[in-house]
Amino acid sequence: MRNNAIVLFVVSSVSYPKYRFKLNSYSTQFPVFEEYPELAYLDNAATTQRPKAVIDAINKFYISENANIHRGIYDLSNQATTKYEAARQAVADFIGASSASNIGFTKGTTESVNVVAQSFLSKRLNQGDNIVVSILEHHANFIPWQMLAKEKGAELRVIPIDEHGDLNMPAYKELVDQNTKMVAVNHISNTLGTINDIAEIIAVAHTKDAPVMIDAAQSVSMYPLDAQYLKYDFLAFSGHKMYGPFGIGVLYVADQHLSEIGPYNYGGGMIKEVTIEETTFVKFPKNLEAGTSNVAGVIGLHAAVEYINQLDRAQIQSELSELSQYTEELLQSIPGVKVVRLPKHHSGIFSIEVEDIHPHDVASFLNKDGIAVRAGMHCTQPLLTDIGVPATVRISLAHYNDKSQIDRLKASLIELIDFWS
Amino acid sequence: MTKEEIQSLYKDKILPENKAPYHFEKVDADHSVKAYNPMCGDKYELYFENDDQLLDQVHFHGIGCAISKASTSILVRRIEGMTEEEAEEYCKKFLEAINSSDPDSLSDEDLKILVELKNFEGRVDCIKLSWEALYDFLKNKTS
Ligand SMILES: Cc1ncc(COP(=O)(O)O)c(C=O)c1O
């Protein structure tokens, strides 16, 4: 019997122990959980899973709709172009942008931030100016500003956090001044789960005429981000963290900056006229989309937006906040487990340390119990250095998780701590 | 690897080495080599005295997971007393064995276990970290 079991482990490269466990009603829409009903996927901050609707939309495109956009004068190409532009409109509506022309497609949050740094801020940043970021930032919303500040002789100012892991807002207000040329902060921290008060951050920056870039990578899946209400200048997010495909992301640019976003890459599909002497370019967003676009990615992103739109997000938020509360209580009830920071404004992301056991070892053993978490620095090295923790185990929740999975997490952690001692 | 197999490997080899690592302290030395994995934050420094190209006293210090620490500890213990060339060759053989998953090419039981641990998903970088750093250092020194 045992030998048979081992053979099975070898045949399938991914194998999780079998638990009898009922899928919650959201998870039934995600094929991966049909494949692995026993998987407790608690790594949603790294990438979410994809619902069937998204996978189907991408498949359908490749099977029966595939053609390149913009340049073909035949039905399939025209149809692909129409679908591509319909997706742009859907994304605009999703975040309450005034028009589709505010929406540019990128490879993801990282590229969106780099575009704003290089194609917007670079030409207006001078010596003596400053850029304000927070210590909570992912490297994607930190390094592009740090590099630009160095290049231009400008100052990088960093908003600190308090002992809970919330941003120190009084300190922030002191940091912004007449020379602030950009404020760039995330909405939700991918390491601590802090929910930042972006409405307040934006309002403060605007009193000094500083534009604000919001990294919404961790919040776009469930939190309202209305452009008209929040009035951010730039917004970045990634398809793969909102149930959509890898390799596609969004950069929103507010009306007043549209004409100030220059080209980012050079190539085909973004030009007005090219001569041997010079080239003139079309405006944002088309000037961003040099080369052949990730058309299937855009189609998949559209399906992800539609998937989110049909959910009752208020209901899910309240369920998620209950699950988050439950997770917090269980984690805190395990001797030897420490939640490194518990922000007052907190989403479903937890960074923990397990006494004497390195995060990698924790994650490896949890994996053996069918629990997927992430271990490491989560691309937030300045933050971990600041709080004096070399690495953490990160647990990040989504609506398809449920309490039984958190119970298993607890049991698994207790067993590991016991085994280690 | 099953959970039971992993548990027994940890219990027999990794945890004892992790809890009592060999020559685990910061020292002033002729040479030091940094082994750093920026993806996970594991960070060690290997220190050695060399008299006439002989790795006389080797120490290490730093932070990392049980596997990288145990692997570094075994490395340090084994290369002490070797010449630089011998240590370079030793690291090379181990890295070759791990890259080809061929534990039988090694005679040392501890090293075999490390190579086997390669099948512990996603942890091969932890095993190789210090070996690669030392190998690169010695190779560049001789070439
Ligand atoms: C807060 C935050 N910002 C930016 C990123 C980078 O996103 P991407 O890798 O999709 O460009 C991530 C992804 O981990 C993130 O969590």
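**View 1. The ligand sits in the largest pocket of this predicted model**. A pocket is an open set of points on a 1 Å grid over the protein atoms alone, with protein on both sides within 12 Å along at least five of seven lines, and a molecule sits in one if more than half of its atoms lie within 2 Å of its grid points. Local features need pLDDT of at least 70 and side-chain atom pairs pLDDT 80 or more, whereas totals for chains, interfaces and linings use all residues. Residues are numbered from 1 along each chain, chains are lettered from A, and side-chain values use heavy atoms, without hydrogens and water.

**View 2. Polar side chains of chain A at the ligand**. A polar side-chain atom of A:Asp215 lies 2.5 Å from a ligand nitrogen atom, while ligand oxygen atoms lie 2.8 Å from a side-chain N or O atom of A:His240 and 3.1 Å from a polar side-chain atom of A:His138. The protein covers 85% of the 400 Å² of accessible area (Shrake-Rupley method, 1.4 Å probe) that the ligand has on its own.

**View 3. The contact between chain B and chain A**. Counting heavy atoms within 4.5 Å, the contact takes 25 residues from chain B and 18 from chain A. About 1900 Å² is buried between the two chains, with carbon and sulfur atoms giving 56%.

Definitions and conventions
A polar contact is a pair of N or O atoms within 3.5 Å; within protein, one must be able to donate a hydrogen and the other to accept it, and residues adjacent in sequence count only if both atoms are side-chain atoms. On a 1 Å grid over the protein atoms alone, a cavity is a set of points where a 1.4 Å probe fits but cannot get out, and a pocket is an open set with protein on both sides within 12 Å along at least five of seven lines; lining residues have an atom within 4 Å of a point. Buried area is the accessible area (1.4 Å probe) that two parts lose on being put together, summed over both.
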